[in-house]
Amino acid sequence: MAVSVSQHAPASPAPERGEKVMRFVRQNRIEVAITVIFAILYAIFLIGAPEVYTQFGIYRSFMSTMPYIGVMALAATFVVTLGEVDLSFPSVMGVSAWVFGASFVATGSYPLAVVLALAVGAACGLLNGLLIARVGVPSIVATIGTMFFWRGFVNVLAEGRGMALVDLRGSAWHSVLVGRLPGGIPMQFVWFILLALLFMAIYRRHVFGSHVLFVGDNEESAHMMGIKVMRVKVICFTLLGLMSGLAAIFLVSEVTYFWPTTGDGFLLPALAAVFIGGTPVFGGRGSMYGTVIGVLIIGSLEAGVVAMGIEGFYTQLIYGLLITIAVTVYAVIMRRK
Amino acid sequence: MNQNTSQQTPIVELRDIHKSFGRVHVLRGVDMEVGRGEIVALVGDNGAGKSTLIKVITGVHKPSGGSLLINGEAVDLQSVQDARRRGIETVYQERALADQQALWRNIFAGRELTNWLGFMNIREQKREADRLLRTRMGFTSRAITVDSEVQGLSGGEKQGIAIARALHFEAELIILDEPTMGLSLKETDKVLDFARGIRDAGKSVILIDHNILHVHAVADRFVVLDRGRVAGSFRKEQLSRDQLIEMMVELHHTGQLHVA
């Protein structure tokens, strides 16, 4: 099959240094763009409110609250890369939070409560996955259904009442999950960073990440190449359920209180982090690194806006502005040549 | 591969293959074989049963009767994957590759080289993919590398990648279903060259192409299908291009096969 010229070219011509840099930028243009956006945003914060942003305190506060949307946004990146969406994960988080609190109250066992909360979260995600991949319900429709169902379920279970869980603080598990390291660094942030590194490796270097990209890109071709399309989808939704359970454990452990509304309000920030991070809704491409930066942006935006002396109700406006700018930049740089 | 598989055993042999869909009898006793290092063209009118026959060979449809032998062994194919494991691979123009993914990911899709944790050996995959591009495909320009996305390639190049991938994974028989459809003249030549390359690698091809000129240019043998049966099988030496065309026209009009 080789054309005659090819015999003399067994390996790629070695690119020069400048060309290598250009190639890196071209292949990672999403990652480069989000990093630039992040740097610009922080430059604005530093100039606008230097007395706040040169102090470590604000970062401590970011680090304690970011991981809740963070761990869910990581898993949601896989779902969005499939070309699907999940609207139910904040409700799943609510169910897991109730299971976590109720089982701790009933048994007094922290690890048992953790395991149950994770298991229930994963089971809710599995149900979404089966409805979507096996039954064939479009994901946006299926998860609107489960979103209302699980939120309603929590309200019924909790009878609309909260649960005080101060005893959580007595356990060594509490220190491991949401304790503070020297310097006041919250443990949930450490866990988030470790998970983020793991998810980034899986997204780009693991066979599972590759299969998610393929299924999102061209389902039929993925099937033809022997990729188990249905299984890949089910795993993605289950993973998001599992991470919603983890988010619930972090949040309830940190505040030692359960509300039936736990998880409400996390839907849009988590999805916004994914979209700001450069994972488009069309599926087949995306960036886990982008999501991590997206979480850092979304997680520091509100406090940053307030610290700059702009009133709190401007946050939504600035969220919207930033998301719109980010997705416009991506649309332009990814435009097919 | 079986030890006692001699060079003479056909890769695929069909014996009295029947296929019906409800009351529609599409294949009515097809006998044919494909030898090693041979390009066999399936020709015949629309509805002659070409694509049904291909689907039987590739495990998409189960035959209603008759037997299918692969390397001399009677098989009952369960799926496309099953056929692929036995060395039979189909290359479709549109469905072969995922557009937004890099070439190295496409080449190893579903067959990644991984460690025990499932992490891919990306360096090795890229090296293999690069070797494939340069030796089998003759891509020497810097413009196309293993990191290029498929969407930047031409139709002919995509076909080439899909064929190279099949060969790399030890396909014995590659089925090209309308590989030149919608391609420019130059691209068509390239794809026909790829088909010859498969034969030169000692593997076999079943070619379906509406263009009789393409068929005659590359095939070693023509199997003429007519209403679910093999109406005739000819070696290239037996039939000039004009004779083949004349024969097809006559078959179309009279339903009879005459060889001049």
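In this predicted model, four strands of chain B make up an open sheet in the order β2-β1-β4-β5, with antiparallel pairing. At its edges lie β2 (24-34) and β5 (73-75) of chain B, each of which pairs on one side only. From one strand to the next, the twist averages 30°. Here strands (E, at least two residues) and helices (H or I, at least four) are DSSP runs numbered from the N terminus, and two strands pair if DSSP finds at least two bridges between them. Axes are lines fitted to C-alpha atoms, for helices over the stretch in contact, and angles run from 0 to 180 degrees between N-to-C directions.

Residues are numbered from 1 along each chain as its sequence is written, while chains are lettered from A and ligands numbered from 1 in the order in which they are written. Because the model is predicted, local features need pLDDT of at least 70 and side-chain atom pairs count only at pLDDT 80 or more, whereas totals for chains, interfaces and linings use all residues.

Within this sheet, β1 (residues 12-21) and β4 (residues 65-70) of chain B pair in the antiparallel sense over five bridges. B:Leu14 stands opposite B:Leu68 in β4(B), and B:Val12 has B:Ile70 as its bridge partner. B:Ile70 also stands opposite B:Glu73 in β5(B), where β4(B) and β5(B) are joined by three antiparallel bridges. These two strands form a hairpin with two residues between them, and B:Asn71 in the turn has a positive phi of about 50°.

Chain B holds another open sheet, this one of six strands in the order β6-β7-β8-β3-β9-β10 with mixed pairing. Neighbouring strands are turned by 20° against each other on average, direction ignored. Four bridges link β6(B) in the parallel sense to β7 (residues 173-177) of chain B, and B:Ile88 stands opposite B:Leu173 in β7(B). Helix α5 (residues 155-168) of chain B packs on the sheet, touching β6 and β7 of chain B, and its direction makes about 175° with that of β6(B); residues count as in contact if their C-beta atoms, placed from the backbone, lie within 7 Å. Helix α6 (residues 185-200) of chain B lies across β3 (39-43), β7 and β8 (204-208) of chain B, at about 150° to β8(B).

Overall, chain B has eight helices and ten strands. Its radius of gyration, taken over C-alpha atoms, is 19 Å, close to the 18 Å that the globule rule gives for 260 residues, so chain B is as compact as a globular protein of that length. That rule is 2.2 Å times the number of residues to the power 0.38. Buried residues make up 43% of the chain B total; a residue is buried if 20 or more other C-beta atoms lie within 10 Å of its own, exposed if 12 or fewer, and partly exposed in between, with C-beta atoms placed from the backbone.

Turning to chain A, helix α7 (residues 139-158) has 20 residues. Its buried residues include A:Trp150 and A:Arg151. Seen down the axis of α7(A), the buried residues fall within an arc of 150°, so they line one face of the helix; the arc is that of the directions from the helix axis to the C-beta atoms. These residues pack against α5 (89-107) and α6 (110-135) of chain A, while A:Val141, A:Gly152 and A:Val156 are exposed on the face turned away.

Definitions and conventions:
Contact = placed C-beta atoms within 7 Å. Expected span 1.5 Å × (residues − 1).
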